[in-house]
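This report concerns the structure displayed here. Please consult the sequence and the coordinates alongside the text.

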Amino acid sequence: MLGQGATQDLIEEVREAEGLDEPIYVQYGDYIGGLLRGDLGYSWRSERDVAAMVVERIPATIELAVAATAIAILIAVPLGVISATRRDTPYDYGATLFSLLGISTPNFWLGLMLVLLFGVWYGIPYPTIDVGSGLWIRVEFVDLPTGRREVGLGGAVLTLFRSGSFGDLWLWIKQITLPAVTLGTYFTALITRLTRSGMIDESGKPYVTATRAKGLPGVLVQYKHVLRNTMIPIITVLGLQMGTLMGGAVITETVFNWPGLGLRLISALGVRDWPLMQGIIIFIAVMFVVINIVVDALYTYLDPQVSLE
Amino acid sequence: MISDRVRSNLKRTFRESLLPKLGVTLLTVIVFVALFAPVLATHDPTRTGNFHENGGPYPPPGFDYTTTVSQDGEITEVTVTSTEKHLLGTNTVGQDVYSRALYGARVSLLVSLFGVSLALLLGVPFGLVAGYYGGRIDDGLMRLADIMLAFPALVLALALIGVFGSQPVRVPDPIVAAGLADGMPESIPIPGSVTVVVALVTWVWFARVARGEALSIRNEEYVKAARSFGTADWRILLKHVLPNSFTPIIVLATIQMAIIILIEASLAYLGFSGTTLSWGYEIETGQDVLRTRPWIAMVPGIGIVLAIVSVNLIGDWLRDALDPNIEGSERGA
C-alpha cells in the first residue's frame with residue numbers, strides 16, 4: 001500500500017487507520033460484523049470494494065447455472081423416462097452409456113472437445129479459441145468480424161423491448177450454448193440415472209398396481225403417478241448438487257472466459273488477492289445454503305406429506 | 001468383515017452384469033499401466049525437444065499438419081508427418097505424449113489412493129467416536145460437517161490450495177531403482193499439497209457415514225453384551241463397531257476416489273497442482289494450441305475419462321450389491 005520508501009510514522013498511521021494494531025480477535029470481530037452488514041472487505045489489489053466486485057459478476061454466473069440446469073432437466077427427464085419404460089432395449093443401453101460417460105468426463109476437457117468439434121472441425125459459428133492468448137482461452141465469435149461482444153441476458157431482453165431486435169438475444173444464445181452444455185452434461189447424466197432408477201423403483205410399488213387395476217391407462221400411470229413421485233428425490237439431489245454446479249461453473253467459466261464469479265475467483269487466486277477470494281468463497285457458500293433452504297421449501301409443494309416445522 | 005451374504009451378493013451381481021466386469025478390467029489395466037509406466041513408456045516423459053525436422057511437434061497418425069518454415073529468406077509450406085517413434089505424437093515442448101499419459105495415470109492414482117486413505121484415517125475414527133458416544137462430541141462434529149458441506153468441494157479445495165501453495169513431493173521410482181527401466185526419471189513429482197487438500201475436502205463424508213453406522217450399531221445386542229462384560233470402549237469400537245460399518249465405508253471410498261481424480265485433474269488444469277506430469281496440467285498446455293495440435297489436450301483427457309469410468313463402474317457394482325441407500329453416493333465434487 002505504501003511502497004518501499006514508507007517512513008515508520010506513516011506505517012504506524014496506516015496500521016492504526018486499518019485497525020491492524022488491534023488484537024486478532026477484534027479484527028476478526030470487525031470482519032464478521034462487516035460480513036453481517038454485507039461488507040465483504042476491500043481488495044487492495046484492485047482498489048475496490050469486494051462486495052461490488054462480487055455483485056457485478058453474479059448475473060453471468062446465474063445465467064450460466066440456470067441455462068445448464070434447464071438443459072439438464074429438459075434432456076435428462078425424457079431420457080430417463082425412455083430408459084426406464086423401455087428397459088433393456090438399445091435406447092436404455094444408449095442412455096446408460098451416455099450417463100456413465102457424462103458423470104465421468106471432467107467438464108474442462110468436455111468444453112475443449114466441444115469447441116474442437118463445433119468451432120474448429122465443423123466451423124459452426126460458436127465460441128472458438130483464440131490461439132496463443134496466453135493463460136486464458138478467449139471466446140470470440142467467428143461471425144463477428146469486429147471481435148468479441150459480450151451480451152448479458154438482461155441487456156439482450158432490453159434491446160428486444162427497445163428496438164424489437166432479436167439480434168442480441170440470438171448472440172446471447174450463441175454465446176451461452178456451449179458453456180451451458182459443458183456445465184450441464186454432468187447434471188444431465190446424473191438426472192438421467194436418477195430418473196431411470198427412481199421410476200423403476202416406483203413402478204414396483206403397490207400403488208402403481210392399484211392404479212393399473214383401477215383401469216388407468218399406462219401412460220397416465222407413468223406420468224401422473226410414477227414420474228411425479230420420482231421427482232422428489234431428484235429435486236433433493238439437484239439441491240445438494242448445487243455445490244457441484246458452483247464448482248463446475250468455476251471451471252467452465254475459466255475454459256470459456258465467461259465473465260462470472262468463478263473466473264473472478266480463479267484470477268483472484270492467481271494474483272493472491274485474499275480479500276476478494278475470501279469474499280467470493282463466502283458468497284458461494286451462502287448461496288449454496290440458501291438454495292438448499294429453497295429446495296426444502298419445494299418439498300412441501302411436491303410432497304404434501306412433508307411440512308416445514 | 002465381509003459377511004457371506006454380502007460376498008455372494010457381490011459375486012452374483014458381478015456374474016450377471018457386464019458393467020462390473022468392464023470396470024474391474026479397465027481399472028486393472030490402468031493400475032498395471034501406472035505401476036509399470038517406466039517399462040511401458042518409450043521416452044523419458046520429462047525430456048523435451050522431440051521435434052520434427054521441420055520444427056513442429058510430431059503429430060499422432062491421422063493428425064498430419066502443415067506449417068511454414070523460412071529458409072534462406074524464403075517461406076515455404078511443409079507437411080509435418082507422424083512417426084513410429086512417437087506413437088501419440090509430442091507436445092508443444094517436444095515431450096512424448098504417450099509416455100506422459102502413462103505417467104499421468106501414476107500421478108492420478110497415487111493422489112486418489114493417498115487422498116482417500118488420508119480421508120479415511122481422518123473421517124472414520126472421528127465419525128465412529130462421535131456416533132458411539134453421542135452428546136457434545138457428536139454435536140461438535142455435525143456442526144463442523146455442516147460448515148464443511150456449505151462449501152462446494154472444488155471451491156474449498158481451491159481456497160486451501162491458495163493457502164497452502166502447491167508443494168510437489170518427489171517420490172522415488174522403485175521400478176527404475178531396480179534397474180528395470182534405464183533412462184527413465186529416478187523419481188517423479190507427486191502433488192503433495194493437493195493430496196492433503198483432497199483429503200481435507202472429502203473426509204467429512206467418511207465421518208458422516210461412520211457416525212451414522214456407529215449410531216445404529218451402538219444399540220445392537222452384541223455391543224450391549226460386550227459392554228456388560230466390562231469391555232473397554234476403544235475395544236468395542238475397534239472389534240465391533242468398525243468391522244460392522246465397513247461395507248458402506250468401502251462403497252463411499254470408491255465413489256470418493258472418482259471425485260478425487262476429478263478434483264486433482266481440475267486443480268492441475270487450473271495450474272495449482274505443482275507437478276507437470278498430471279493429466280490436467282497436460283490438457284491446460286494443450287488448450288492454447290487446440291486448433292492446430294488437438295491431440296495434446298485430447299490424449300490426457302481420454303486417460304481421465306477411462307480412470308473415472310472404471311472407478312464409477314466398480315462403485316456402482318459395490319453399491320448395488322452392498323447398500324442401495326448409502327449417503328453421499330450421488331453427491332459430487
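## Model confidence

The model is predicted. Chain A has an average pLDDT of 79, and 87% of the residues score at least 70. In chain A, helix α5 (residues 90-104) has the highest confidence, with a mean of 91, whereas strand β4 (residues 139-140) has the lowest, at 38.

Residues 125-148 of chain A have a pLDDT below 50. Where pLDDT is low, the predicted coordinates should not be read in detail.

## Contact between chains A and B

Chain A contributes 39 residues to the contact and chain B contributes 33 residues. On the side of chain B that touches chain A, the elements giving two or more residues are α6 (153-164), α11 (246-269), α12 (279-287) and α13 (295-322) of chain B. Of these, α13(B) gives the most, with 7 residues.

By class, this side of chain B comprises 22 nonpolar, 7 polar and 4 charged residues.

## The surroundings of Val81(A)

Val81(A) is located in helix α4 (residues 58-85) of chain A. Val81(A) counts as buried because 20 C-beta neighbours lie inside 10 Å, and the cut-off for that class is 20 or more.

Apart from neighbours within four places in sequence, Val81(A) is in contact with Thr195(A), Met199(A) and Leu227(A). Val81(A) and Arg196(A) are separated by 115 residues in sequence, while their C-alpha atoms are 6.1 Å apart in space.

Definitions and conventions:
Residues are numbered from 1 along each chain as its sequence is written. Chains are lettered from A and ligands numbered from 1 in the order in which they are written. This is a predicted model: local features need pLDDT of at least 70, side-chain atom pairs count only at pLDDT 80 or more; totals for chains, interfaces and linings use all residues. pLDDT is the predictor's confidence in each residue, from 0 to 100. Helices (H or I, at least four residues) and strands (E, at least two) are DSSP runs, numbered from the N terminus. Two residues are in contact if their C-beta atoms, placed from the backbone, lie within 7 Å. Ala, Val, Leu, Ile, Met, Phe, Trp, Tyr, Cys and Pro count as nonpolar, Asp, Glu, Lys and Arg as charged, and the others, Gly among them, as polar. A residue is buried if 20 or more other C-beta atoms lie within 10 Å of its own, exposed if 12 or fewer, and partly exposed in between; C-beta atoms are placed from the backbone.
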